[in-house]
Amino acid sequence: MRYSKAFLPTVKEAPKDATMPSHVLLLRAGYARMVGAGLYEMLPLGLRVLHKVSDIVRAEMDAAGAQEVLMPALLPADYFKETDRWDGFGDTLFRLQDRRGQPYHLGPTHEEIFTDLVRREVKSYRQLPLNLYQIQAKYRDEPRPRGGLLRGREFLMKDAYSFDASEEGALASYESMRDAYHRIFSRLGLTYRVVRADSGAMGGSTSAEFQVLTQTGEDALVACAACEYAANAEIAEARAPGSSDAPDPATLEPVGTVATPNVKTIDEVVEFIGGDLTAARTLKSLVYALDDEVVLVVVRGDRAVNETRLARHLGVPAVVLASDATVERAFGALPGSVGPVGFSGRIVADLEVPFVVNAVAGANEADHHYTNVNYGRDFQAELASIRQVVGGDACPSCGEPLEAYRGIEGGHIFILGTRYSQQMGATFLDEVGEAQPAIMGCYGIGISRLMASAVEQHHDADGICWPMPIAPYHVIVSPVGKDDAVAAAAEDVYRALTEAGIEALLDDRDERPGVKFKDADLIGIPLRVTLGKRGLAEGTAELKGRTEAQAQAVPLEDLAATLRDRVVTDGGRLRL
RNA sequence: CGGGGCGUAGCGCAGUUUGGUAGCGCGCACGGUUCGGGACCGUGAGGUCGGAGGUUCAAAUCCUCUCGCCCCGACCA
């Protein structure tokens, strides 16, 4: 492509609405334009990237035995009504009517339509397993679109649906997709983790999220640097202190009482008592109200309670802090003065609590705290892993420090079971002629979201730094200076690269070198070949990787071969 | 949906408090000088000030209503 002919509008200043790096850069570098909240136009460069991502996804899906189809985006309401999602999806569903007043919607996800197709066409176990997918726009009227292409109201998604005759088959389909996803995310050049998440209301079934690690993602994660452990912070746990850390009984001091007027928070306690007291040597006591009882929850003073884990431990959907009145009734003191010592009700303590020696805790009396409180001697509790994990905590699987990340959910796979097939009557006849509902799985990848995720992960102060496999072009050829010989040499190079199957962008604009370099960096093409009259006199061009500081001189006659090797090594695909 | 903020030239902004002929930078067009990291000089085009209604001799500015967008939160296959 010749830059002079390309529809490639770069801008110096970002629209003020854009805050995320990917949003700013994709707009500035001429990949996309916004037309409304969560609605984007894909310009030529952006579409090239989407195609590259799609091609990789398609190749790996096909290799895993899935078959591509294309379903309508505009769908009659009947299907969602069959599974109660017409109401269940709520305001997120884009609803519309045709001229006769018949209700339709734009597909936010396509379980029903695929299930319908299969129930009409699949009659026998001999036709299973079957895995169908599509790459298509999805529509969701999000309460709040944000982050540019990261959460739009229209977005490009690959969704696949597997149908199996048995549980084992469904698991095999799921595992095959999981393996394919690993290959896809690796090939895309993304740093990612497979993460267990709270399955929430959908509940119970096997699922995994493929999270692209970034500083700006919507989900908080922890991931181990040393092993494969990674989890959504909502459900993550840390390795509990070992028995070798157990307190020496000889060091336990007798319990004392201190007057702590108007001292409520842990920070205030630490400051008021002073000395060598730290928050880690206090106990934080929180009171949660269940239907028929109150539960005292104790964590180390510098920790936060993970309410998702607490709710799981208690076997309830969600937990709510008790009101001041409830707390006073149960403890004779208000929050800020409550503690486990002397409380006869249910106490749940985090696994770290037994290792806090001679702790300060609320005395269940206004304006008083106990000192030298020790678990076991002074109170007992159910022990459970209920604290919020933070970066630096020990990995539950290998003990090495966990790192805190934010992640962008780029893919999600799960086994659906028979929810849809049962409700919609998608059955097949098994070996003995009995009708059985197909066991389903579904597997999504946010194509346009991954494009933005890649930018979140691969950019610097000057612009985007595309991984080679999804870069819109492999190489940008930048002749500098007004010399005719340079321009001619650039044409030769461009032709040679194109013939070698390398996707090259020739910056043949009549612009100053600084402008060309700034645009090249902004656009983020992985390799740049600079031609100038100095190098030309020696028969060389400069080759510089987007993320490299130094350029290297390459003889012109070696250029095509050198670039070919480099493109292929970096995961690019030659167009031959 | 709750809280906050913003709509003025293609983009980024000033002007609104205190009503009085709509400005700046970038970009764009033309001419000239420049040419290895977003050059410089000159000339010029471009805006119903988000929309509707009202107050006033006069509204970007004051009042009412409305639409849109962004951020935080709630929500989220």
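Visitor: Which residues point which way from β10, and are they buried or exposed?
Guide: Ser207, Glu209, Gln211 and Leu213 point one way from β10, while Ala208, Phe210, Val212 and Thr214 point the other way. All of them are buried. Keep in mind that this is a predicted model.

Visitor: What does β10 pair with?
Guide: Strand β9, residues 192-195, pairs with β10 in the antiparallel sense over 4 bridges. Then there's strand β21, residues 402-417, which is joined to β10 by 8 bridges and also runs antiparallel to it.

Visitor: What stands opposite Gln211?
Guide: Arg193 stands opposite Gln211, and in β21 Gln211 has Glu409 opposite.

Visitor: Switching topic: where is Glu111, and is it buried or exposed?
Guide: Glu111 sits in helix α5, which covers residues 111-121. Glu111 has a relative accessible area of 6%, under the 20% cut-off, so it counts as buried.

Visitor: What does the Glu111 side chain make a polar contact with?
Guide: The side chain of Thr109, at 2.7 Å.

Visitor: And which residues is Glu111 in contact with, leaving aside neighbours within four places in sequence?
Guide: Those are Arg85, Tyr161, Leu416, Tyr420 and Cys442.

Visitor: OK, what about the open sheet of 5 strands? What's the order?
Guide: The order is β28-β27-β29-β30-β31, and the pairing is mixed.

Visitor: Which strands stand at the edges?
Guide: β28 (504-506) and β31 (552-555). Each has a single partner strand, so one side of each is left without a neighbour in the sheet. From one strand to the next, the twist averages 30°.

Visitor: How many bridges between β27 and β29?
Guide: 5, in the parallel sense; β27 is residues 475-479 and β29 is residues 527-531. Val477 stands opposite Val529 in β29.

Visitor: Which helices pack on the sheet?
Guide: Helix α12, residues 484-499, touches β27, β28 and β29, and its direction makes about 165° with that of β27. Helix α15, residues 559-569, packs there too, touching β27, β29, β30 (540-545) and β31. The direction of α15 makes about 165° with that of β29.

Conventions. Residues are numbered from 1 along each chain as its sequence is written. Chains are lettered from A and ligands numbered from 1 in the order in which they are written. This is a predicted model: local features need pLDDT of at least 70, side-chain atom pairs count only at pLDDT 80 or more; totals for chains, interfaces and linings use all residues. Side-chain values use heavy atoms; hydrogens and water are left out. Helices (H or I, at least four residues) and strands (E, at least two) are DSSP runs, numbered from the N terminus. Buried means under 20% relative accessible area, exposed over 50%, partly exposed in between (1.4 Å probe, protein chains only). A polar contact is a pair of N or O atoms within 3.5 Å; within protein, one must be able to donate a hydrogen and the other to accept it, and residues adjacent in sequence count only if both atoms are side-chain atoms. Contact means heavy atoms within 4.5 Å. Two strands pair if DSSP finds at least two bridges between them. Axes are lines fitted to C-alpha atoms, for helices over the stretch in contact, and angles run from 0 to 180 degrees between N-to-C directions.
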